[in-house]
Amino acid sequence: MTSPPRPSTALLTDHYELTMVQAARHSGTAERRSVFELFPRRLPEGRRYGVVAGVGRALDAIESFRFDPAAVASLEGVVGPDTLEWLAAYRFSGDVWGYPEGEVYLPHSPVLVVEGTFAEAVLLETVLLSIYNHDSAIASAASRMTLAAAGRPCIEMGSRRTHEQAAVAAARAAYVAGFDATSNLAARQLYGVPTTGTAAHSFTLLHDSERQAFTAQVETLGVGTTLLVDTYDVAEAVRLAVEVAGTSLGAVRLDSGDLALVARDVRRQLDDLGATATRIVVTSDLDEHAIAALAAAPVDAYGVGTQLVTGSGHPTCGFVYKLVAREGDDGAMVSVAKRSTDKASVGGRKYALRRRSASGVVEAEVVGIGTAPADDGDDRALLVPLVEGGEVVGREPLDAARARHRASVAELPRAVTMMSAGEPVVPTLFVQE
């Protein structure tokens with residue numbers, strides 16, 4: 001699969017990143033070695049855990065962060081000629097460590113650690129926050145939905161409910177967190193996410209009769225297709241669907257009404273007609289709570305749109321990107337921290353591991369300040385190299401991220417399956433030598 005060339009990401013940033021660089025170069029501090037960290041101060045209200053997503057997209061963004069001639073020309077008047085010349089030659093040459101894609105995160109998890117000169121590392125702030133805050137919000141919602149689905153397939157179908165580019169990223173993030181497919185074809189092209197889809201109500205309304213519509217769909221897509229049966233009368237549509245496609249009909253889709261009640265009626269009717277293997281797919285503004293409420297209903301798959309691509313009420317993770325250490329006048333690294341009320345940060349380079357019991361159940365998120373916390377033998381280190389000397393080293397296939405997500409959620413305490421609002425499923429502990 002060949003992906004189109006990636007455009008420059010250098011202007012996906014805020015004005016003040018560039019003015020800080022100009023001022024730091026003027027003061028002689030731009031080249032100071034610096035450590036920035038991307039982390040959440042807290043989880044979105046009521047959430048018990050979050051899921052890291054967007055890592056692969058962030059690595060692409062770092063690689064494509066180049067101020068080409070058109071970008072430089074557009075910045076005239078924003079910064080001076082000397083800074084424009086510096087930007088034209090910009091290449092990130094530092095190191096990045098982070099939680100790998102699909103991993104669970106908790107309050108204060110050092111999800112990303114960026115080390116380089118101040119000037120080169122600060123420029124990445126906005127684009128990294130943009131990617132991580134969006135993609136991780138979608139993945140966190142998707143993870144709750146796949147937990148509630150308890151093994152039943154989930155399909156992402158929210159493209160029409162968000163910005164066209166956000167839709168592609170959302171499909172990717174949902175796939176990382178366990179969704180089986182998307183309706184978005186750009187996600188298929190760019191990231192290899194499986195796609196699916198058959199027909200909407202407009203297709204039925206186009207034809208002179210429901211029978212004519214079903215016949216056209218089955219004759220072109222085969223009996224394994226999914227027929228939408230709630231345009232008019234559900235019971236009559238189910239009868240027609242089996243009559244047209246036979247008892248090997250792949251699935252019927254329900255998009256309205258009391259889904260649990262209708263699904264039971266449809267299951268009974270399908271079985272009476274001999275279509276015992278025909279699946280029932282439900283859509284219609286589902287979220288994790290609606291999916292959980294359908295657990296006892298004869299539903300085989302869920303199609304989720306609006307609530308998924310908006311983070312199911314939490315469209316951002318609240319990640320921040322803060323300077324936590326920088327080079328002092330003597331060349332040694334100095335811890336620095338913000339002290340603002342309600343927005344204080346913890347200074348010092350962080351390391352993280354997931355403390356687990358002897359049986360493999362997570363007990364705490366342990367964050368070491370300055371040095372890595374001690375592993376008692378059952379723990380798991382969380383930060384992995386992503387960029388070394390400016391070169392991406394942490395790129396991996398999405399299937400690896402999907403597998404990691406499954407394993408990471410599986411080792412959490414059982415309270416993780418609760419859909420009600422609550423505290424983080426495990427505490428975060430800071431340790432310092």
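Contact, on this tour, means heavy atoms within 4.5 Å. Helices (H or I, at least four residues) and strands (E, at least two) are DSSP runs, numbered from the N terminus. You are looking at a predicted model, in which local features need pLDDT of at least 70 and side-chain atom pairs count only at pLDDT 80 or more, while totals for chains, interfaces and linings use all residues. Residues are numbered from 1 along each chain as its sequence is written, and side-chain values use heavy atoms, with hydrogens and water left out.

**Stop 1: helix α2**

Select residues 55-63, which form helix α2. Colour Val55, Gly56, Arg57, Ala58, Leu59, Asp60, Ala61 and Ile62 to see the buried set. Their packing partners are β3, α6, α7, α8 (185-191), β17 and β18.

**Stop 2: the seven-stranded sheet**

Now bring up the open sheet whose strands run in the order β13-β12-β1-β5-β3-β17-β18, with antiparallel pairing. Two strands pair if DSSP finds at least two bridges between them. Why does one side of β13 and of β18 lack a neighbour in the sheet? Because β13 (333-335) and β18 (391-392) stand at the edges, each with a single partner strand. Helix α2 packs on this sheet, touching β3 (95-98), β17 (384-388) and β18, and its direction makes about 20° with that of β17. Such angles run from 0 to 180 degrees between N-to-C directions, with axes as lines fitted to C-alpha atoms, for helices over the stretch in contact.

Zoom in on β1 (residues 33-40) and β12 (residues 319-327), which pair in the antiparallel sense over seven bridges. Pick Ser34 and you will find Arg326 of β12 opposite.

**Stop 3: helix α6 and Thr126**

Select residues 125-149 for helix α6, which lies across β1, β5 (112-117), β12 and β17 and runs at about 140° to β12. Within α6, click on Thr126. Is Thr126 buried or exposed? Its relative accessibility is 16%, so Thr126 counts as buried. Leaving aside residues up to four places away in sequence, Thr126 touches Leu12, Thr13, Asp14 and Glu17.

**Stop 4: helix α4**

Move to residues 81-88, helix α4, where Thr83, Leu84, Trp86 and Leu87 are buried. Looking down the axis of α4, these buried residues fall within an arc of 160°, so they line one face of the helix; the arc is that of the directions from the helix axis to the C-beta atoms. The buried residues pack against α1 (15-27), α3 (69-74) and α5 (118-122).

**Stop 5: helix α7**

Helix α7 (residues 164-176) has 13 residues and spans 19 Å from its first C-alpha to its last, close to the 18 Å expected at 1.5 Å a residue. That expected span is 1.5 Å times one less than the number of residues. How many of the 13 residues of α7 are buried? The count is 11, and α7 is mostly covered. Among the buried residues are Arg172, Tyr175 and Val176. Just after α7, stop at Gly178, which takes a positive phi of about 110°.

**Stop 6: the six-stranded sheet**

Next, show the open sheet with the order β7-β6-β11-β10-β9-β8 and parallel pairing. Here β7 (181-182) and β8 stand at the edges with a single partner strand each, so one side of each has no neighbour in the sheet. Strand β6 (residues 154-156) pairs with β7 in the parallel sense over two bridges, and Glu156 has Thr182 in β7 as its bridge partner.

**Stop 7: Thr231**

Thr231 sits in the loop between β8 (226-228) and α11 (234-245). Its side chain makes a polar contact with the side chain of His201 (3.0 Å). A polar contact is a pair of N or O atoms within 3.5 Å; within protein, one must be able to donate a hydrogen and the other to accept it, and residues adjacent in sequence count only if both atoms are side-chain atoms. Not counting residues up to four places away in sequence, Thr231 touches His201, Thr204, Leu205 and Glu210.

**Stop 8: a hairpin to finish**

Select β14 (residues 350-356) and β15 (residues 362-369), an antiparallel pair joined over seven bridges. Arg356 has Val362 in β15 as its bridge partner. Five residues lie between the strands of this hairpin, where Gly360 takes a positive phi near 90°.

Note on methods:
Buried < 20%, exposed > 50% of the residue type's maximum accessible area, 1.4 Å probe, protein only.
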